[in-house]
Amino acid sequence: RHDGHCIFKYQNQPANPRGKMESKTKLNNFFLRLLIAASRHRLILYAATAILFLLSLYGISRQRYGSDIAKMLPDSSESERALEIMRRSGVSSRGVISFDTGGKAFSESALPGYMEAVGARLRFSPMITRVDYKFIHGPLTSSLNNLSYYLPQLIDAEAFERLAADGGIAKTVRQAYRQLLLPGSFGTVDRLRADPFSLRLHLLEKLNDFQKLSGLRISPLHSYIVSPDERKALLLFESDISAADTAGSRRLLAMLGDSMRDCPPGITFNIISPNQHSVDNEEIIKSDVKIVAFTSFIVFTLLFVIFYRCDFRSLLIPVMPALASLIVMACMPLVFKDCLFFVIGMGGLIIGLAVGDYGTHVYAASFGAFGIRRVARLFLPFLAACLTTVVAFLLFLISDIEACRQIGFYAGASLFLSLLLTVFLLAPLFSGRRGRAYHAALPKFTVRRHLL
């Protein structure tokens, strides 16, 4: 300007669109060359994929997948420490075998001798650390006699003075004499000599109060742990196998079943143990995973057959994510020490995203001529979308929960592998496909046939 001031005008220079287009074209051409090479050597790729599939099945069959609940708790947390304390205390490794006589009295059935035989077998098992099926070891009379040794410790001196006062000793002698004169007095001499003042009865009353306090209802007529109606008996056992170890729990239950395979007729048994609950929970999880997998397979099969005009090659679309999940499942033991089965079930639901994100787009892009070229142009958006999802799942690897880390690895690796398998295996197979009319397999009747 004429006043001597200078004005500088800044303008945002637009980016070079030609450079971006050239970079994108180079990437598309690179992906196109890869797809062309995959199309030329498709038989080699199919053979390598089949071998990898068989190796994955072999690795999965050799690997044990557990369901340890501790893996779902944060590392070094209060919950994990509490669970570890419970394991060390042995609470989760104790069990009960409940026997039922089927209506007979305990003493009239073959259960007492059978419990002795089962107890002897379990004591020699390396999986069992302790077996109890009697609350009194030995005859009941000898156990009552042993209480006499503890009377001076349990009864004070004032109680003895009250018994001796007012001719208490003479009264006791007369009562004992009358009992000996009764017809059914056989065998009472030893009892009267050991406890003439019936002090043990007071102790038994106190023990009976303790039994009420504990909630344990057993018959005092037997040394075994028998219910008051004498129809059920219990055998208690302890093991060094925790309930969190499902594989060990399965072996423990199999050993218990083999030990009682010769159960007498009319007698039934039931194993009540945390190990049994762990095995049952694992079976339920496996059953649910199988139901979800087969249901999804049937539904997807019907959808592809109906909406893709009976092109049965479209059934390969859900096969690729399933194949990717099997390969990653076989590789998980190389990354994690203990693999969790329910992680695979949860991750399998996430992998279903690959069916709609990758498979259907590749199928539609491969339609008609120049299908491989269109798939090559879509590969870069596929890769960007896949990496975004994979990175989101890989963030789970920094979690302090083992189950979350396994879910992140399993889902992320499976999604990325699903993209590669779908693009490089299905695109060469679908390319050059021509559209055709939909032909439903319905019966057709002419007017003449209908009249006949």
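Arginine 405 is placed in helix α17, which covers residues 402-430. The model described here is a predicted one. With a relative accessible area of 16%, arginine 405 falls under the 20% limit and is therefore classed as buried. The side chain of arginine 405 makes a polar contact of 2.4 Å with the side chain of glutamate 402.

Helix α16 spans residues 371-394 and contains 24 residues. From the first C-alpha of α16 to the last, the distance is 33 Å, close to the 34 Å expected at 1.5 Å a residue. The buried residues of α16 include Gly371, Ile372, Val375, Ala376 and Phe379. Phe382, Cys386, Val390 and Phe393 in α16 are also buried. An α-helix has 3.6 residues a turn, so residues three or four places apart point the same way.

A nonpolar patch on the surface is formed by Phe297, Ile298, Val299, Leu302, Leu303, Ile306 and Phe307. Together these residues present about 720 Å² of accessible area. Leucine 302, a member of the patch, is located in helix α12, residues 274-307.

Seven salt bridges are found in the structure. Side chains of opposite charge can pair when their charged atoms come close. In one of the seven salt bridges, the side chains of glutamate 238 and arginine 94 meet at 3.4 Å, N to O. Glutamate 238 belongs to strand β3 (residues 232-239) and arginine 94 to strand β1 (residues 94-100), so this pair ties together parts that are 144 residues apart in sequence. Glutamate 238 counts as partly exposed, at 25% relative accessibility. Arginine 94 is likewise partly exposed, with a relative accessibility of 40%.

A salt bridge also joins arginine 121 and aspartate 262, whose closest N and O atoms are 2.5 Å apart. Arginine 121 lies in helix α4 (residues 111-123), whereas aspartate 262 lies in the loop between α11 (246-259) and β4 (268-272); the pair therefore ties together parts that are 141 residues apart in sequence. The relative accessibility of arginine 121 is 32%, which places this residue in the partly exposed class. Aspartate 262 is partly exposed as well, at 39%.

Arginine 250 and glutamate 283 form a further salt bridge, with 2.9 Å between the closest N and O atoms. This pair links distant parts of the chain, with arginine 250 in helix α11 and glutamate 283 in helix α12, 33 residues apart. Helix α12 thus contains both glutamate 283 and leucine 302 of the nonpolar patch. Arginine 250 counts as partly exposed at 33% relative accessibility, and glutamate 283 counts as partly exposed at 37%.

The backbone at glutamate 230 was also examined. Phi of glutamate 230 is near 60 degrees, a positive value in a residue other than glycine. Glutamate 230 is found in the loop between α10 (199-214) and β3. The relative accessible area of glutamate 230 is 16%, so this residue is buried.

Technical notes: Residues are numbered from 1 along each chain as its sequence is written. This is a predicted model: local features need pLDDT of at least 70, side-chain atom pairs count only at pLDDT 80 or more; totals for chains, interfaces and linings use all residues. Side-chain values use heavy atoms; hydrogens and water are left out. Patches are made of residues with over 30% relative accessible area and no salt bridge: like charges are joined within 9 Å, nonpolar side chains (Val, Leu, Ile, Met, Phe, Trp, Tyr) within 5 Å. Accessible areas come from the Shrake-Rupley method with a 1.4 Å probe; for residues, only the protein chains shown count as cover. A salt bridge is a side-chain nitrogen of Lys or Arg within 4 Å of a carboxyl oxygen of Asp or Glu. Helices (H or I, at least four residues) and strands (E, at least two) are DSSP runs, numbered from the N terminus. The expected span of a helix is 1.5 Å times one less than its number of residues. Buried means under 20% relative accessible area, exposed over 50%, partly exposed in between (1.4 Å probe, protein chains only). A polar contact is a pair of N or O atoms within 3.5 Å; within protein, one must be able to donate a hydrogen and the other to accept it, and residues adjacent in sequence count only if both atoms are side-chain atoms.
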